Amino acid sequence: MLAVEHLHKSFATAQGPLQVLRGVDLTLARGSSLALMGESGSGKSTLLHLLAGLDRADSGRILIDGEPLDSRGEAALARWRREGIGLVFQQYNLISSLDVAANLAFQARLAGRHDPVWVKHLAARLGLADLLQRYPEQLSGGQQQRVAIGRALASRPMLLLADEPTGSLDEASSDEVLALLLQLVDEAGSSLLMVTHSQRLAARLQRRCILQLGRVQG
Ligand code: ADP
Ligand code: MG
């Protein structure tokens, strides 16, 4: 489903170009899960941004079902961002002016794929059924992250990109939220690429790899 071939990415800095990704290769089969580990600053978020179509690589290719992401043109790239992927960040990034119900439906509506039955199911599974009229500031961190997960999966994206999704939660909440995330990713039929610092959490995914010196190992 997803193949990354020899991806390079550098950033211009005052000290000259900073080579962050130096030939990243990885593959992810449809419906499978991969934990991406690596030291702080190793380029994990940079890689996720490239996969999300939020930034462009210097060289190398990202193939979705065999087709290069950047050969598709702006309209197709916008469609990939809107419909192909779901994003979950450490900071929940909910829309503070919208209640839980509207936050949950937000991305699926943008993608033209709002399915009220699926969203209702997501809300129930995520323990949000009684919180639908609340606003993000009226929720705990764990509850906010569940809304963010529900929002990202509401459109049944091909690929869920999660960047330290439980990084702001305590250990017990992290375990609980990850278990839910894995079940719902499965139900949605999505593939999962998740950045985590935790060996314990990474062990729950099907595969693990490490970003080191600009390349993916293992
Ligand atoms: P990680 O998510 O693994 O902690 P990042 O991908 O966020 O790492 O960052 C990798 C490196 O690239 C870091 O040294 C960071 O400072 C640098 N970096 C990230 N984004 C930019 C940017 N827009 N401009 C300059 N440097 C950046
Ligand atoms: Mg990061």
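Q: Which strands does α1 lie across, on the side with β7?
A: In this predicted model, α1 lies across β3 (33–37), β7, β8 and β9 (207–212). The helix runs at about 155° to β7.

Q: And α5, what does that one touch?
A: Helix α5, residues 141–153, packs on the sheet and touches β6 and β7. Its direction makes about 170° with that of β6.

Q: What's the strand order in the six-stranded sheet?
A: The order is β6-β7-β8-β3-β9-β10. That sheet is open, and its pairing is mixed.

Q: Which strands are at the edges there?
A: β6 (85–88) and β10 (215–217), each of which pairs on one side only.

Q: How much twist?
A: From one strand to the next, the twist averages 20°.

Q: Do β7 and β8 run parallel or antiparallel?
A: Parallel. Strand β7 (residues 159–163) is joined to strand β8 (residues 191–195) by five bridges.

Q: Switching to the four-stranded sheet. What is its order?
A: β2-β1-β4-β5, an open sheet with antiparallel pairing. The edge strands are β2 and β5 (67–68), each pairing on one side only.

Q: How many bridges between β1 and β4?
A: Five, in the antiparallel sense, between residues 2–13 of β1 and residues 59–64 of β4. A3 has L63 in β4 as its bridge partner.

Q: What does α1 touch on this sheet?
A: α1 packs on this sheet too, touching β1, β2 and β4. The direction of α1 makes about 120° with that of β1.

Q: OK, ligand 1. Which residues are around it?
A: F11, L18, V20, E39, S40, G41, S42, G43, K44, S45 and T46. By class, three are nonpolar, six polar and two charged.

Q: Which element supplies the largest share of that shell?
A: α1, with three residues. Both β2 (16–28) and α1 (44–51) supply at least two residues each.

Q: Which side chains have a polar atom by an oxygen of the ligand, and at what distance?
A: S45 and T46 both do. The polar side-chain atom of T46 lies 2.6 Å from an oxygen atom of ligand 1, and that of S45 lies 2.9 Å from one.

Q: What about the backbone of G43?
A: A backbone N or O atom of G43 lies 3.0 Å from an oxygen atom of ligand 1.

Q: What percentage of the ligand's area does the protein bury?
A: 59% of the 560 Å² that ligand 1 exposes when taken alone.

Notes. Residues are numbered from 1 along each chain as its sequence is written. Chains are lettered from A and ligands numbered from 1 in the order in which they are written. This is a predicted model: local features need pLDDT of at least 70, side-chain atom pairs count only at pLDDT 80 or more; totals for chains, interfaces and linings use all residues. Side-chain values use heavy atoms; hydrogens and water are left out. A residue is near a molecule or strand if one of its heavy atoms lies within 4 Å of it. A polar contact is a pair of N or O atoms within 3.5 Å; within protein, one must be able to donate a hydrogen and the other to accept it, and residues adjacent in sequence count only if both atoms are side-chain atoms. Accessible areas come from the Shrake-Rupley method with a 1.4 Å probe; for residues, only the protein chains shown count as cover. Ala, Val, Leu, Ile, Met, Phe, Trp, Tyr, Cys and Pro count as nonpolar, Asp, Glu, Lys and Arg as charged, and the others, Gly among them, as polar. Two strands pair if DSSP finds at least two bridges between them. Contact means heavy atoms within 4.5 Å. Axes are lines fitted to C-alpha atoms, for helices over the stretch in contact, and angles run from 0 to 180 degrees between N-to-C directions.
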